[in-house]
Amino acid sequence: IDHEAPAYGGAVDGVSFAELDELAQASHRAGELHEMEGVARTMRRIAGTAHERAVAANRLAGAYDGFGRYPRVLRCVQEGLAEDRVAPDLRLMLVVNLANAYYSLWNLHESQSISSGIVEHFELSPPRGRLQGVAQAFGLALRGHSRRRALGRCVSHEEFARTADDAERDLAEAERLYAQLAQEHDDPQYLGLANTAKGGLIEVRVAAGRLGPEEGINEIVTRLDDAIDLARPATPHLLESWGWWSVFGANIAMRAGQCPDDARRWIGSEQSDFERAIAICTNKAAEIADHLNLWPLRERAFTLEWFRRQRVGHSPSDEGLTWTLDAEDVRVLVGTMGRFPLFRQTGWAILERATVTEAAA
């Protein structure tokens, strides 16, 4: 799927650590992740101080994040955080990246705890400058999305309601802060993150009972139809946010279909409204994931589609579990299993039940 890049192949003699760091950042902005990885490895090899070693670890983590290699991201940021005498802003960046890696791997207790520490820090000491402002917004978004994901693990109605309320507060504030950052710095990345928080708000408001599931799904599906044109995307960041909106819509439909009051919607017709919504949303999420090569979005699309097919499989025929994979599908599925340890059980279940075309054999 991808490889471990060798150290930077360019001339190193006479090139300072700071110049390599600038090259790593430029490679990241250009999407040249293999070059970024190689430069970061060279930075780590020539680093002469604790601060430089931490910077190199953070750059290498950035490359691995682009590849979706989150276990490697964890090791890199932990390596950086283990260094002494690291500048406060650099340590803050490493902590934010640590929380994000845990979130991406579905280690929700860790991501929520670390992001809570970030949020509480800025409650006591308001952010100064762009980097700290971004860290505050990211901390709120990570905690809000961690709580949103944790809804599926709640064991009581009271815990579910409290978690939904907490997630709503965090995501509403994250949306506000990201929109403010976008206005101040004219950076499209912040608009995409604000839109992701806005979509997550729809899911948690439905969960909290402040918005009906049909209303929430209709809003998401309508916005997806109006906003997405893969041939002419506004920006990759905004397009990614619509991919997450697709996931939020599928989550709403899945959760609504599990409620006793809505169970009738899953039976009595060839395809229920909720089932149809899940199919639309998961297909769109998979389409955007492939277009942008986003592994976390692929993991969600595979998982939600598997859940949908299991539900259909409860019908008298087992047609819902029929899944045909070609060579590219198998490549992507195996790549997803390698990147997300908690997904592997689902991935194996898909492979065991799927029909693999001859081309992929």
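Visitor: How do the axes of helix α7 and α9 cross, and within what distance do they come?

Guide: The axes of helix α7 (residues 129-150) and α9 come within 11 Å and cross at roughly 25°. An axis here is a line fitted to C-alpha atoms, for helices over the stretch in contact, and angles run from 0 to 180 degrees between N-to-C directions. Helices are DSSP runs of H or I with at least four residues, strands are runs of E with at least two, and both are numbered from the N terminus.

Guide: One caution on the source: this is a predicted model, where local features need pLDDT of at least 70, side-chain atom pairs count only at pLDDT 80 or more, and totals for chains, interfaces and linings use all residues. Residues are numbered from 1 along each chain as its sequence is written, and side-chain values use heavy atoms, with hydrogens and water left out.

Visitor: What do you call the arrangement of α7 and α9?

Guide: Roughly parallel, because of that crossing angle. The label covers angles under 35 degrees; over 145 is roughly antiparallel, 65 to 115 roughly perpendicular, and the rest oblique.

Visitor: Which residues make the contact?

Guide: From α7 they are Arg130, Val134, His145 and Arg148, and from α9 they are Tyr190, Thr196, Ala197, Gly200, Glu203 and Val204. Contact means heavy atoms within 4.5 Å.

Visitor: New topic. Where is aspartate 187?

Guide: Aspartate 187 lies in the loop between α8 (157-185) and α9 (188-207).

Visitor: Is aspartate 187 buried or exposed?

Guide: Buried, because its relative accessibility is 18%. The cut-offs are under 20% relative accessible area for buried, over 50% for exposed, and partly exposed in between, with a 1.4 Å probe and protein chains only.

Visitor: What does the side chain of aspartate 187 reach?

Guide: The backbone nitrogen of glutamine 189, at 2.9 Å. Leaving aside neighbours within four places in sequence, aspartate 187 is in contact with Arg130 and Ala182.

Visitor: What about α10 and α12, how do their axes cross?

Guide: The axes of α10 (residues 213-227) and α12 (residues 273-292) cross at roughly 30° and come within 11 Å. That makes α10 roughly parallel to α12. The contact involves Pro213, Glu214, Ile217 and Val221 of α10, together with Phe274, Ala277 and Cys281 of α12.

Visitor: And the whole protein, how many helices and strands?

Guide: The secondary structure comes to 15 helices and two strands. Of the 361 residues, 50% count as buried.

Note on methods:
Polar contact = N/O pair within 3.5 Å; in protein donor to acceptor, adjacent residues only side chain to side chain.
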